[in-house]
Amino acid sequence: MSTQPRRTWLPFLNADIPAACDTPAKTAAFELELGCKTLGIEAPALQVMPDMGESYEIKDGVITGGERGVLYGVYAWLCAKAAGEEPPAGPQKPFYALRMLNCWDNADGTVERGYAGRSLWFEDGRLDWDGPRIRQLGRMLSSAGVNVLCVNNVNVRADAALLIEDEGLPELARLAAEFRRFGVRLMTSIEFSRPLAHGISTADPLDGEVQRFWRERADAVWAAIPDFAGFLVKADSEHRPGPFTYGRTHAEGANMLARAIKPHGGVLVWRAFVYNCMQDWRDTSTDRPKAAYETYAQLDGQFDDNVILQVKNGPFDFQVREPVSPTFYAMPNTRLALEVQLAQEYTGQQIDLYAMPPMWKELAQALPPETVSAVAAVSNLGRDDNYTGHPFAAVNLYGFGRFAWDPQSDPEAVTRRWARLSYRLPAAQEDALVDLLMHSREVYEKYTAPLGLCWMVNPHNHYGPNPSGYEYDLWGTYHKASRDAVGIDRTASGTGYLEQYPEALRAQYATPEACPDNLKLFFHRLRYDYRMADGRTLIQRIYDDHFEGCAAAEAMGEALKSLEIPEPDRAEALERMEKQIKNAREWRDVVNTFFHRLSGAEDEKGRKIYD
Ligand code: GCU
């Protein structure tokens, strides 16, 4: 692997970090000196106050903070200077204590749903990495504010299970040391049924031998890595093993593991992505979005205090647009984490532009702050030179970190900060780039799946249109487009999903008229001749959105060409933009033809719809 420094939003820090910087405070001192030298400015003083933890304050020429706080303070100060802005005023502390990146990296070096190349740290069944690159990544994570990194896929396969066993622990401890200096602690995904591989006849969480197995594993892990963050578990989900096999609840399963790691201060992150993935499409009594709430709401209050239940942002699975999962409102006595996906599985796969900061703002406004105390993002990282495949996809990694630090951040300011640090364009060009990014999500939504329509993608790889691709499949993912109507009635008279929300939220979605356009077909089944608030019929709106979304993608292509983004990013972005435009045209024509064939309705504007 090459050790050339890569372009990131910290272009002014590209020297390797000496091994002597073995703590965040020492790293902070090094970064400050180096950053000031590169920027040609005078360094402020640094003061470490261990009690301040992750907090910091920049005042009167001094950056004061805890062991990790000073590092955040130094990056905040350097980034502000590089961007020509004022450093943050007053005491600063992160809103969420756990700001986690979940990497879906497999031990063989592949990345599940990875669109930026192979894994940065796995190869041939073991951990293996390029030191300078990992340290540069550590800087990126720390400067964004991420403090936990889960290194392996939630689907634990083959050798990944060995990470926490005697074979894998020494290497994991070395990787933990690389990230420690940036205030980033490691976590691993574990397999619930692992005791079976050790000659134990069961993985039943109430079995004494199973409990002993996990206690011994936890003791060994924390002996090797004393600041290890904890374990992440995907159980009884998409064929992964779990407590249901033994007739136990998910509280019993999670608590057993949580108790094994409790003496070491670890957290047990348990994913709530549990649903029937073997549904029969003829079965109308099951509605997949109801699944997480049905499994977990009844368990509220039963989880130990070091368990965090990690809930995906929407009730389905990272679709282009979903309502906020009702599970967030149903568990006031449980620690919850929000899970989002930076990897653009359903949102353009780091080919199409899809900047997420506006989404963070919507989520911040919707989530109840009393119960959600942690955030996790499925990583968009890989071994590509620019780390994220599309050079602009880095805005999502940076944006996630900033949102996790301060959910009230202004999405445009975050996007601008990233653009400014990364490219230093003239003002008008910077405005154009920020504008492009800020609108990229709505453009993508328009040419793919407007109005809350989900799952019209090609099965399995999830890129490109296929309106019936999941329609008769077993994943519970149906839109039921017919000759007359499309969408699912999820109100009380339909599947009842809406009833899972608190009263006030229910009212927002209860009728097609009250429901915002971008979720109309998620909550309601509407006839094609239904009149939208602006007077257009539903079918006309579907046609219009696809035509307009595609035209907007073409216009984005033109706008991009006029930007003097430094190479190689410019060439990479333009190459991807060509693919995006091709994809947008495909979506426009396939979806419009699909609905035209079904409904027979003509486009009022007489545009080309293929027969
Ligand atoms: C999606 C994704 C899978 C992943 C799963 C999960 O279904 O397609 O690859 O394993 O989410 O979140 O566990």
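I began with helix 4, whose buried residues pack against strand 6 (126–127), helix 3 (131–144), strand 7 (148–150), strand 8 (185–190) and helix 5 (208–224). Contact here means heavy atoms within 4.5 Å. Helices (H or I, at least four residues) and strands (E, at least two) are DSSP runs, numbered from the N terminus.

Ground rules: this is a predicted model, so local features need pLDDT of at least 70 and side-chain atom pairs pLDDT 80 or more, while totals for chains, interfaces and linings use all residues. Residues are numbered from 1 along each chain as its sequence is written, and side-chain values use heavy atoms, with hydrogens and water left out.

Which residues of helix 4 are buried? I got Leu169, Leu172, Ala173, Leu175, Ala176, Glu178 and Phe179. Buried means under 20% relative accessible area, exposed over 50%, partly exposed in between (1.4 Å probe, protein chains only).

Next, cysteines. I counted zero disulfides, a disulfide being a pair of cysteine sulfur atoms within 2.5 Å. Cys103 is in none, and its nearest cysteine sulfur, that of Cys150, is 7.3 Å away. Cys103 counts as buried because its relative accessibility is 1%. Cys150 is buried too, at 0%.

Last, I checked Arg416, in helix 11 (residues 411–423). Arg416 counts as buried because its relative accessibility is 18%. Leaving aside neighbours within four places in sequence, Arg416 is in contact with Glu430, Asp431 and Val434.
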